[in-house]
Every structure is written in C-alpha cells, then in structure tokens.
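I set out here what I looked up, entry by entry.

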Amino acid sequence: MYGYWGKILRVNLSTGEIKTEEFGEDFVKKWLGTRGFGIHYLLKEMDSKVDPLSEENKMIFSTGALTGTTAPTGGRYMVITKSPLTGYIAMANSGGFFGAELKMAGWDAIIVEGKSNKPVYLRIEDDKVEIKDASHVWGKRVGETERILTEEFGDKHVQIASIGPAGENLVKFAAIMNNGHRAAGRGGVGAVMGSKKLKAIVVRGHKRVEVIDRSKFISVVREKTEKLKNDPVAGSGLPSFGTAVLVNIINQNGLYPTMNFRYGQFKYAEEQSGEAMAKKYLKRNKPCYACPIGCGRVNDMDTVGETEGPEYESTWAMGANLGINDLASIIEANHLCDDLGLDTISTGGTLATAMELYDKGLLKQDDLGDAPPFRWGNTEVLHYYISKLAKREGFGDVLAEGGYRLAEKYGCVDCFMGVKKQELPAYDPRGAEGHGLGYATDNRGGDHIKAYLISPEILGYPYKMDPHDISDEKVKMLILFQDLTAVIDAAGMCVFTTFGLGADDYRDLLNAAFGFNLSTEEWLKIGEKIWNAERLFNLKAGLKPLEEDTLPKRLTDEPMPEGPNKGHVVRLKEMVPRYYALRGWNEDGSISEAKLKELGLEEYI
C-alpha cells in the first residue's frame with residue numbers, strides 16, 4: 001500500500017505486550033491519518049468518560065498520509081488522547097524529524113495503552129520494538145534525556161519524543177517534545193504520557209516510504225514547492241523572521257492581546273518582534289523535515305547558549321500577555337519551557353491569570369510567601385514560577401492545574417481567558433470575529449491552529465474578508481478552514497503551507513502519492529468526518545455545547561478599549577446558531593442523526 005505500511009504498533013504498558021495490527025486502503029479512505037486514525041481508535045476502544053490520567057486512557061502517536069515522503073513539510077505527527085486539561089479530545093501536532101523517522105521505521109502509528117509501574121521508554125529500530133527501563137532518565141530535563149538516550153542507542157540519527165519534569169509531575173498542560181524544541185504542545189498530552197510512566201519513544205528507521213509513481217509525485221512536489229517559495233509569507237516573511245513576523249502585523253491591526261486580553265496593542269511590541277529578534281539574536285534558520293519554508297529560529301544567547309525559538313505565540317505568551325518587555329527574558333523563558341516540557345501558550349495564559357487575580361487583590365502576597373509578586377511586567381515571574389510549576393513546588397502546584405482552575409479557586413472564573421479550560425492564543429477576537437467563532441467551537445478548546453481565520457480576516461488568504469463581518473459567508477469560511485485543516489493534519493503536512501497552497505493543491509499531492517482519483521470535495525469530506533468524530537467524542541465525554549461553545553465575557557461583553565478595534569466585541573451569540581445549522585447539527589449543538597449517517601459515524605455512537 002503506497003504512502004503507508006498498513007501497520008499499527010500496539011504497546012500495553014501494564015502487561016508488557018507488544019503487537020502488530022494491520023489496516024488496508026479502505027481505512028485510509030475513511031480516516032487518512034493522524035487525527036483521523038486517532039479519533040477512530042478512541043471512539044472505538046475507549047469510554048470517552050475515562051479519567052485522562054488513568055490506566056484506561058489511550059494515546060495514539062500517528063503519522064500522516066504524506067509523512068516521510070518528500071511532500072513539502074511532510075514530516076508531521078500527532079498525539080491523540082483525552083486531555084487532562086479540558087476533559088475532551090487532545091490532538092497535539094509536532095514537526096521536527098520524529099514523525100518521518102517513525103514512518104521510516106515501518107510504522108504508521110503507535111497505540112499506547114495501560115500504565116507501567118516504573119519509568120520506561122519505548123525503543124524502536126525498524127521492526128524491533130522493546131520496552132526498556134527509564135529510571136536513569138526519569139527526572140531529567142528534555143535536552144539531557146535526548147543526549148543520554150541518543151548515546152545509549154549508539155546512533156546520532158535516532159529521533160526521540162520525550163517528556164520533561166512537567167509531564168512526570170502531571171502538569172495539566174505538559175507537552176511532548178522532540179528535537180529539543182519541537183512540541184506536541186497543547187492539551188496536556190505530556191501529562192498523559194507521564195501518568196503512564198512512559199518517559200520517551202526512541203526510534204530509528206531505515207526504510208523508504210513508497211509512492212505509486214515517484215517521478216509523477218516528484219513533479220507535483222516541485223510544483224507545490226515553487227508555489228510556496230513564491231508566496232510572500234511562506235517564501236519570504238517566515239524564512240526571514242520566523243512566526244514572530246506576526247508580532248508587528250497583529251499589533252498594528254489592534255488584536256495583539258495585552259495584559260490578559262485587557263487591551264489589543266502593546267506599545268513595546270516592535271522591540272520583541274521577529275525583526276528585532278533576527279537583528280539581535282538570530283544565528284541561523286532551522287527547517288523541519290522536508291520543509292521549504294524554514295521558519296525555525298536558532299538564537300544564540302550568553303545565558304543559555306544556542307536555543308530555538310521563541311515562536312510568535314510563545315513570544316506573546318511570555319511578553320505582551322504579561323506586560324513584559326524584555327526579549328532576552330522571553331527567549332530564556334521559552335528555552336526553559338522547552339527543556340521542562342511545557343506548553344508555552346498555557347504557561348503564559350496561566351501566569352497572566354495569576355497576574356490578573358493579584359491585580360484585583362484576590363490572590364494575595366500571603367498566598368505566595370517570599371516568592372515574586374504577580375505584578376504586570378515583572379520578569380521575575382517567568383523563571384521562578386515556570387520552574388516551580390513544572391516541579392509542582394509551592395504555589396507552582398496550584399499553577400500546574402492551569403488558568404481555569406486557578407481562577408476558579410480564587411473566585412473569578414471571568415479572569416481566565418480560555419475556552420473549554422484551555423488558554424487562548426495570541427489573537428484578540430474582538431479584532432477578528434470569525435476567528436472568535438473558531439475559538440468557541442474548536443474541538444480541543446482555546447486554539448487558533450485548527451481553523452486559522454486570521455488568514456482571511458487579517459492576512460488576506462485566500463482573499464481578504466472584513467474581520468467584523470459575521471455573515472453566513474464568514475461562517476462557511478470557518479467551516480471550510482476546520483475541515484481543510486483536518487485534511488492537512490491527517491496528511492502529515494504543516495498548516496503554514498496554506499500560505500501558498502489551496503485545497504486543490506493538497507488533493508493533487510495526495511492523489512499523486514496514492515494513485516487515487518478523489519476530488520477536492522471528497523478529500524474535504526474526510527476532513528468533515530474527522531471534525532465531527534472529534535465533536536462526537538466530546539459530546540460523549542460530557543460536552544454541554546450551549547454552555548461551553550463560548551468565549552470569556554471580556555471578549556463578548558466588554559468593548560475593546562482602544563486602538564483600531566475600539567468599541568468592538570465578538571458577536572458570538574449571532575454566529576453560533578448559524579454555525580450549528582450550517583454544520584448540519586441540531587439547535588442544541590449535538591450532531592444530527594442525518595449528519596452522523598451521512599458521514600458514516602453511526603457505529604461510534
């Protein structure tokens with residue numbers, strides 16, 4: 001079977017059993033890869049109501065359809081599980097080289113189930129799979145873990161996905177890291193891995209992923225790569241300044257969240273932009289596997305040496321969102337989060353929640369003792385509390401539960417800027433209302449990347465839309481972005497390729513790899529199926545749509561106080577009912593029987 005091996009590795013950490021399972025072309029046409037494979041297994045094999053940190057929760061590490069091929073950015077993998085942060089689906093995506101190596105080892109996905117009674121890691125070399133003792137690296141940070149396990153394996157080309165102390169200590173927004181600084185970041189997937197006492201997956205592969213007609217596939221790849229290189233964002237902005245090229249753009253458009261979304265502009269934004277970072281710290285670019293864009297940054301600092309990042313989101317989370325103007329401290333904090341295995345967005349969002357609670361007098365210095373005060377702009381907060389929360393020491397134990405639970409503890413849930421208990425990323429939707437609808441309806445909670453409506457609303461991709469238009473056209477565009485992103489994820493490609501490529505381009509790449517002749521609409525239907533299946537999982541887990549498909553009151557009730565979007569709120573109540581209707585769902589946000597039947601999801605009810 002082209003593009004795939006048709007092999008799933010199933011590892012039970014409770015019993016030590018390791019099995020191989022097979023699938024065929026019909027399964028591919030139903031689910032494609034990554035998120036599709038993952039949600040199938042979770043719905044089919046697991047009660048959606050399980051405790052995310054219990055033995056019953058399962059984790060799926062899945063490659064995509066084009067992972068390991070020469071498709072532009074074809075190196076992605078995803079981790080799919082139940083989130084300890086939200087209680088709903090988690091699907092964390094990462095780049096680097098781990099996903100491609102897993103595919104080259106002859107495996108399309110790994111299902112991890114059960115729970116070890118001691119620290120272990122999974123060692124994979126092509127068809128040889130072993131569960132090994134990890135006591136000697138338990139407690140180690142990500143960088144040291146990778147160094148030790150690479151030396152132990154005896155091959156510098158080995159690829160490793162691991163957790164740091166944050167995952168071991170079950171921090172609810174712990175990440176899984178690979179290549180030191182690439183993160184399967186959101187939803188607390190690292191905590192699930194830690195609960196299973198699985199420190200790392202170490203993999204080395206020596207096989208070539210085959211496509212049906214290599215010369216034809218290479219021709220299509222060249223065509224799409226050329227499109228990306230000629231695009232002003234994918235071919236110039238991202239390679240030159242990384243994702244932080246967005247700092248000035250988003251700030252100038254008045255939706256750069258400042259001080260926990262109180263404001264939409266930060267007066268020091270330019271000093272921590274991608275342009276400023278490139279001028280002061282950039283040493284070189286570092287692309288992921290098969291990537292013609294190369295947005296990764298390698299920065300050099302006296303305090304930490306060579307490090308990667310921060311990305312746009314991390315720069316904001318450790319900077320403007322906390323009122324901090326100190327690029328060096330932001331870069332250091334990002335490095336620390338990577339090494340401890342933390343999601344930077346949720347880390348920054350949780351610290352911002354604490355700052356707001358402190359500012360309102362709800363969180364008092366007596367609660368903190370001699371620890372640094374949570375004052376806006378206080379850089380001491382970054383390094384001190386990031387280390388503490390990863391270890392669950394002192395007040396860090398409270399922070400490790402995430403911003404929602406922190407705000408709830410101190411009686412101000414409205415101080416938390418998130419959706420479904422997950423912290424929001426770096427765009428204030430009062431300046432992009434369709435993006436706000438995307439936040440509210442996202443299957444994994446506060447998230448921007450599963451339907452990046454910043455593209456049409458701010459950047460003009462595929463065409464410019466009024467950010468304050470809330471018509472059916474805008475809602476339909478959101479649905480298209482949600483379904484198309486599911487296809488891109490399942491293909492194992494990076495969403496940054498949407499800066500240059502459209503739905504027809506992904507169709508061409510997939511058809512060329514497999515020898516299929518599916519239309520763009522047929523590929524998008526797979527994306528729609530994945531989106532609805534994830535929604536079904538959430539509904540079975542207890543999602544209350546009319547209560548939870550929403551935004552913080554600050555964004556729906558409090559007009560933006562200044563800047564280009566002054567006076568605007570997100571008119572969410574006017575959009576959500578139409579979103580449900582255009583999705584073919586019921587008025588209460590549940591999936592209609594007709595839609596379940598149309599998508600072939602009846603067996604999962």
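Which residues in helix 22 meet which residues in helix 25? I worked on a predicted model. I found that Glu528, Trp531, Asn532 and Arg535 in helix 22 meet Tyr579, Tyr580 and Arg583 in helix 25. I noted that the residues of this contact divide into three nonpolar, one polar and three charged.

I then looked up the geometry of the packing. Helix 22 (residues 520–541) and helix 25 (residues 572–583) pack at an angle of about 120 degrees, and their axes are 13 Å apart. That angle makes helix 22 oblique to helix 25, because 65 to 115 degrees counts as roughly perpendicular and over 145 as roughly antiparallel.

Next I turned to Asn378, in the loop between helix 14 and helix 15. I recorded Asn378 as buried, at a relative accessible area of 13%. The Asn378 side chain reaches the backbone oxygen of Pro373 at 2.9 Å. Setting aside residues up to four places away in sequence, Asn378 touches Ile324, Met355, Pro372 and Pro373.

Last, I listed the aromatic pairs, of which the structure holds 27. Tyr427 is buried, with a relative accessible area of 2%. Tyr427 also forms an edge-to-face pair with Tyr452, at 5.6 Å centre to centre and 75 degrees between the planes. I noted that both Tyr427 and Tyr452 are buried.

How values were computed:
Residues numbered from 1 in each chain as written. Predicted model: local features only at pLDDT ≥ 70, side-chain atom pairs only at ≥ 80, totals over all residues. Heavy atoms only, no water. Axes fitted to C-alpha atoms, helices over the stretch in contact; angles between N-to-C directions. Helix = DSSP H or I, 4+ residues; strand = E, 2+ residues; numbered from the N terminus. Parallel < 35°, antiparallel > 145°, perpendicular 65-115°, else oblique. Contact = heavy atoms within 4.5 Å. Nonpolar A, V, L, I, M, F, W, Y, C, P; charged D, E, K, R; others polar. Buried < 20%, exposed > 50% of the residue type's maximum accessible area, 1.4 Å probe, protein only. Polar contact = N/O pair within 3.5 Å; in protein donor to acceptor, adjacent residues only side chain to side chain. Phe/Tyr/Trp six-rings, centres within 6.5 Å; stacked < 30°, edge-to-face > 60°.
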